[in-house]
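This report describes one protein model, part by part. Please keep the sequence and the structure in view while reading.

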Amino acid sequence: MQKDEKLNITKDKLIDATFGLMEEADDPLNVTSRQIAERAGTKPSMINYCFGSRENLIYQTFQKQYMSFLKETEVAKLLASDIAPKELLKKLHFIVAKCLVENPKFTKAISGYVLFNRDLSQESFSFQYVKKHYAGKKTDKECRLIAYEMSAMMQLIVCRKEDLKKDFGIDLDKDKELKKYIDMRIDLLLAD
C-alpha cells in the first residue's frame with residue numbers, strides 16, 4: 001500500500017472516530033485528541049500530522065457530515081435554478097442553518113474554529129452568489145467579506161439560539177421562524 005493510501009485511511013479513521021465520539025459526548029468540547037486517536041487505533045500525533053489540529057479535525061468531520069446532508073437535500077436543484085442570487089442565498093443559508101440547528105454538538109465544537117481560524121483568503125461557498133447579486137457594484141474583497149459575515153452570522157445565531165428564544169422570542173427550532181430570521185439577516189447584509 002502506498003503512503004498516500006495509508007494516510008487517507010488514517011484520515012478516514014480519525015474522522016469516523018471523531019464523529020462517533022462527538023455524537024456520544026455530552027459536551028463535544030471535552031473530546032480529547034487522545035480519545036480520538038485511541039478510537040481510531042492510531043497515535044495522537046497523527047491528528048496534527050493529518051489535520052494540523054484537533055479543532056481542524058473536528059471541523060473537517062463536520063464538513064464531511066454537512067456535505068452528505070447537502071446531498072440529501074434539494075441543493076442541486078436550487079443551484080441549477082434561475083432564481084435571483086439573493087433568494088438563492090436565503091434558501092441555501094436556511095438549509096445550512098437547519099443543519100447547524102439539528103447538529104448542535106458539532107456546531108458548538110466548530111464555531112470557534114470557523115470564527116477564529118478559518119482561512120479568510122479562501123472563497124466561501126456564498127461568495128459567488130454575493131458577487132452575482134452585486135453584479136460589479138462591489139469589489140471581490142467586499143463580496144468575500146460579506147460572504148464571511150454571512151457565515152459568521154450563521155455560527156453565532158445557532159450558538160446563541162437559546163438566548164434568541166428567551167430574549168427575542170425567536171425559536172430557531174421552528175422552520176418558519178428560522179427562515180424569517182435568515183431572510184432578515186441576508187436582507188440586511190445584501191442591502192443595495
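Tyr181 is part of helix α11, which covers residues 175-189. The model is a predicted one. With a relative accessible area of 13%, Tyr181 is buried, because any residue under 20% is counted that way.

Which residues does Tyr181 touch, not counting residues up to four places away in sequence? They are Ile157, Leu164, Ile170 and Leu172. A separate distance concerns Asp171, which is ten residues from Tyr181 along the chain. The C-alpha atoms of Tyr181 and Asp171 are separated by 9.6 Å.

## Lys161, a buried lysine

Helix α10 runs over residues 161-168 and contains Lys161. Is Lys161 buried or exposed? Lys161 counts as buried, at 15% relative accessibility.

Leaving aside neighbours within four places in sequence, Lys161 is in contact with Val101, Ile170, Leu172 and Asp173. Ile170 and Leu172 are in contact with Lys161, and Tyr181 touches Ile170 and Leu172 as well.

## The chain as a whole

How many helices and strands does the protein chain have? There are eleven helices and zero strands. Read along the sequence, the pattern is therefore α-α-α-α-α-α-α-α-α-α-α, where each symbol is one helix, numbered from the N terminus. The C-alpha trace spans about 50 × 40 × 30 Å along its principal axes.

The protein chain has 192 residues, and 42% of them count as buried. Among contacts between residues at least 6 apart, 65% join residues at least 24 apart.

## Charges and salt bridges

The protein chain carries 33 positive and 30 negative side chains. The centres of these two sets lie 2 Å apart. A search of the whole structure for salt bridges finds 13. Some of these bridges form a network, in which Lys86, Glu87, Lys90 and Asp187 are linked.

Lys98 forms a salt bridge with Glu102, and their closest N and O atoms are 3.0 Å apart. How are Lys98 and Glu102 placed in helix α6 (residues 85-102)? Lys98 and Glu102 are four residues apart in that helix, so about one helical turn separates them. Lys98 counts as partly exposed at 24% relative accessibility, and Glu102 is partly exposed with a relative accessible area of 44%.

Arg54 and Glu55 also meet through their side chains in a salt bridge, with an N to O distance of 3.0 Å. Arg54 is buried, with a relative accessible area of 15%, whereas Glu55 is partly exposed, with a relative accessible area of 36%. Another salt bridge joins the side chains of Arg160 and Asp163, at 2.6 Å from N to O. Arg160 has a relative accessible area of 49% and is partly exposed. Asp163 counts as partly exposed too, at 26% relative accessibility.

## Cysteines without a disulfide

How many disulfides does the structure hold? It holds zero.

Cys99 is buried, with a relative accessible area of 2%. Cys143 is buried as well, with a relative accessible area of 1%.

Most residues other than glycine have a negative phi. Ala135 is not a glycine, yet Ala135 has a positive phi of about 45 degrees.

Where does Ala135 lie? Ala135 is in the loop between α8 (127-134) and α9 (140-159). Is Ala135 buried or exposed? Ala135 is exposed, with a relative accessible area of 61%, because the exposed class covers values over 50%.

Terms used. Residues are numbered from 1 along each chain as its sequence is written. This is a predicted model: local features need pLDDT of at least 70, side-chain atom pairs count only at pLDDT 80 or more; totals for chains, interfaces and linings use all residues. Side-chain values use heavy atoms; hydrogens and water are left out. A disulfide is a pair of cysteine sulfur atoms within 2.5 Å. Buried means under 20% relative accessible area, exposed over 50%, partly exposed in between (1.4 Å probe, protein chains only). Helices (H or I, at least four residues) and strands (E, at least two) are DSSP runs, numbered from the N terminus. Contact means heavy atoms within 4.5 Å. Lys and Arg count as positive and Asp and Glu as negative; His and the chain ends are not counted. The place of a charge is taken as NZ of Lys, CZ of Arg, CG of Asp or CD of Glu. A salt bridge is a side-chain nitrogen of Lys or Arg within 4 Å of a carboxyl oxygen of Asp or Glu.
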